[in-house]
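Open the model in your viewer and keep the selection panel at hand. We will go stop by stop.

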Amino acid sequence: MIRHRSLRLAVTLTATVMTLLLASGAMFVARGADPIKIGFGMALTGGLSANGKPALLALQIWKDDVNKKGGLLGRPVELVYYDDQTNPATIPGIYTKLLEVDKVDLVISGYGTNLIAPLLPIAMERKLTLIGMFGLANNEKYQYPGYFQIQPAGPDPQTSTAIGFFELALRQNPKPQTVAIVGADAEYPQNALVGARELIKKAGLKTVYDRTYPPSTVDYTPIVRAIKATNPDIVFIASYPPDTVGMLRAAHEVALQPKIMGGGMVGLQFTSVMTSMGPMLNGIVNYDFWAPEPTMMAIPGVKEFLKEYQARAEKAGVDPLGYYLPPYSYAVGQVLAQAVTATKGLDQAKLADYMRGTEFDTVIGKVKFGKNGEWAKGRTLMVQYQKIQGTSIDQFRGPGKKVVLYPDELKSGSIVYPYSAALK
Amino acid sequence: MFSWDLLANAVVAGLLLGGFYAAVSLGVGLIFGLLDIANIAQPAFVILGAYAAYVMNNSFGFDPILTGLLFTPVFYLLGAAVYRVYYSSFERRGEESLRGLVFFFGILFIMEVSLSMTFGVDYRLVQTAYTSRSIEFGGVGIAFRYLVPCVVGVAMTLALHLFLARTFYGRAIMAVSQDRLALRLMGANPVQIKTIAFGVGIAAASLAGALLISIAPVIPSTDRDYIGRMFAITVLGGMGSIGGTLVAAVVLGVAESLMSTFFGPSWSLAVSFGILLLALAVRPAGLFGR
């Protein structure tokens, strides 16, 4: 009788334990199916949306690629994002909602310096690990150890846009002596101009024009004419897309032909601007982050990514080539994925520690973060537009039109100097 | 850095810019200046006109100004419809002041988002045979990119002035802006007259948008750059004075150009709006206001 009761007790206990185990197993399954949520605001409307939307598409491609391979830590990845309208005032609200209501596991920034600026203090307050998407010198003042920047500006971001431009200019013969610098009254151009002034001082060049203009300027002819009156050898321009187009058109209208021109013009990297400006681009030496040159396309994984991006870009109504920001946006996802996988969790401090000490393999090449979360070694390209004829998009798909001149290890051709020689 | 050459070039560039500003501001001059309707959405209609010019240029090779002209009837009907909604929802109930303003803000944002969804957010611009050409007279360079919009802007001002001064409907619009009740007593329907005026104001945006995209690239949110200028020009010219709009546009254009050339472009907008404040302090009704 006792044996029988013991047996019944044992069976009951076993059944209970099994039930509990199964239940907990079911919980593990349910937990395993919970997505890892990555939250961000992105400029889907407003002035920076021409870059914000391609950045989003690249992240979506990354998410799809990761999920096809089983997700992260066995969990699918989900992107939770809101349109920041290119308005920094929306950032605190968006990220509070992401963290408090949507309960995202990880955050990344939206596109652009101005949108990262209000996010960084939030990340610091909450001790979040944050990857910034193309912000220039955002962490210079804060020096927050949990911040990382995917833009390859390097340890001295303020001079990063201009350094290649001035190094190239100073290598030419005859060596230029005078310089005009001009830029928009906005955060990025101001930072770039500060860097340019520093380099000009170091190089001992004579500044003959140093002015800024409001971003809403309509007619750039008077500005360009005033620059021409100073007869500079070098013209360094730090501008956003509408002013880039305005300055370039005005330069052609008033026949401004210094020995070298360009530097920090945002917009020339966009397909719509390239195809609209056509031969007006010839001779301009400008910063870039990507070019379809053999030295860049040799990086593993980038061809496959760009093929997928270009296949989806038209439907998404975004830049059809995606040679500027999208590979970097995809790399943001790759860095996060490698860090999460290696640390086997979502602990913010562990992720930051890992990111500080690791070299990442991405579609943009090897990424190693250094001082203030910037790239340990800068890799801002200086390209020159050469032999552009007409406005066909196809000429920009392959090499030879946007020749990489700097840095030397990625160089794919030689500079045409002076500027006037490239116009012939 | 001063030279007579630079001065002459700056003044000419300012005059050309002023002509373009006049084209962009005429709609506001008519709708806000004469009808007293704070149509904040006017710059969005200008951007809509710019996209119409872009599509026709990109798809069929149409000249942007020709497109601007062809689309004026469409924009007129659109404007008339918008006014009817505004009238029945707000003006008729006497709620036009604040709620009406919100209505037009709403239209502005809806149009901006619709354009974003339809065309994406890339910068769009058109190239025409004349946009990259320029001529020079005695050291003064004239870019066709600004000359053509200036000529069209002056022509639009003249046409609108003649319409208001010489035609029955034009005089009725002037009358409705002055005394709505008197107009009603004379047997005319103020709502119909205002519908026509609003439609004409929006039709002007079709051409203004075509001129804008000939000068500079646009994205759906470009409208925000123009709101301040358009209303400033209308107020400076004198509410309801079409000729005043042209003069004010030229004053702002020349001031911007001179500042950009000689004193630093950063000051150009501040000085333009300083002129507006100064002019209003001396003549509160604007340069040609009654």
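How many Å separate the centres of domain 1 and domain 2 of chain A, taken over C-alpha atoms? The separation is 28 Å. Keep in mind that this is a predicted model.

**Stop 1: the two domains**

Colour chain A by domain. The domain assignment gives 34-155 + 299-373 as domain 1. Domain 2 is 157-296 + 379-423. Now look at where they touch. Domain 1 of chain A brings 16 residues into contact with 20 residues of domain 2 of chain A. On the domain 1 side, α4 (113-116) and α13 of chain A each supply at least two residues. The residues of that side divide into 12 nonpolar, 3 polar and 1 charged.

**Stop 2: the parallel sheet**

Select β1 to β5 of chain A. These 5 strands form an open sheet with parallel pairing, in the order β2-β1-β3-β4-β5. β2 (77-83) and β5 (147-149) of chain A stand at the edges. Each has a single partner strand, so one side of each is left without a neighbour in the sheet. Neighbouring strands here are turned by 20° against each other on average, direction ignored.

Zoom in on β1 (residues 36-42) of chain A. It is joined to β2(A) by 7 bridges, and the two run parallel. Find A:Ile38: opposite stands A:Leu79 in β2(A).

Next, show the helices on this sheet. Helix α3 (residues 91-100) of chain A lies across β1, β2 and β3 (106-111) of chain A. It runs at about 170° to β1(A). α13(A) lies across β3 and β4 (130-133) of chain A, at about 170° to β4(A).

**Stop 3: a helix pair**

Which residues of α13(A) meet α14(A)? They are A:Val335, A:Ala339, A:Val340, A:Ala342 and A:Thr343.

**Stop 4: the mixed sheet**

Now select the 7 strands in the order β7-β6-β8-β9-β10-β13-β14 of chain A. They form an open sheet, and the pairing is mixed. Its edge strands are β7 (206-213) and β14 (402-406) of chain A, each pairing on one side only. On average, neighbouring strands are turned by 25° against each other, direction ignored.

Move to β10 (residues 285-288) of chain A. 4 bridges join it to β13 (residues 381-385) of chain A, and the two run antiparallel. A:Tyr287 stands opposite A:Met382 in β13(A).

α7 (residues 187-203) of chain A lies across β6 (178-184), β7, β8 (234-239) and β9 (260-265) of chain A, at about 165° to β6(A). α9 (residues 241-253) of chain A packs on the sheet as well, touching β6, β8 and β9 of chain A. The direction of α9(A) makes about 150° with that of β8(A).

**Stop 5: where the chains meet**

Show chain B. The contact takes 37 residues from chain B and 38 residues from chain A. On the chain B side, elements that give two or more residues include α5 (98-119), α6 (144-166) and α11 (242-263) of chain B. Which element gives the most? That is α1(B), with 5 residues. This side of chain B divides into 17 nonpolar, 15 polar and 5 charged residues.

Notes. Residues are numbered from 1 along each chain as its sequence is written. Chains are lettered from A and ligands numbered from 1 in the order in which they are written. This is a predicted model: local features need pLDDT of at least 70, side-chain atom pairs count only at pLDDT 80 or more; totals for chains, interfaces and linings use all residues. Two residues are in contact if their C-beta atoms, placed from the backbone, lie within 7 Å. Ala, Val, Leu, Ile, Met, Phe, Trp, Tyr, Cys and Pro count as nonpolar, Asp, Glu, Lys and Arg as charged, and the others, Gly among them, as polar. Two strands pair if DSSP finds at least two bridges between them. Axes are lines fitted to C-alpha atoms, for helices over the stretch in contact, and angles run from 0 to 180 degrees between N-to-C directions. Domain bounds come from an automatic or database domain assignment.
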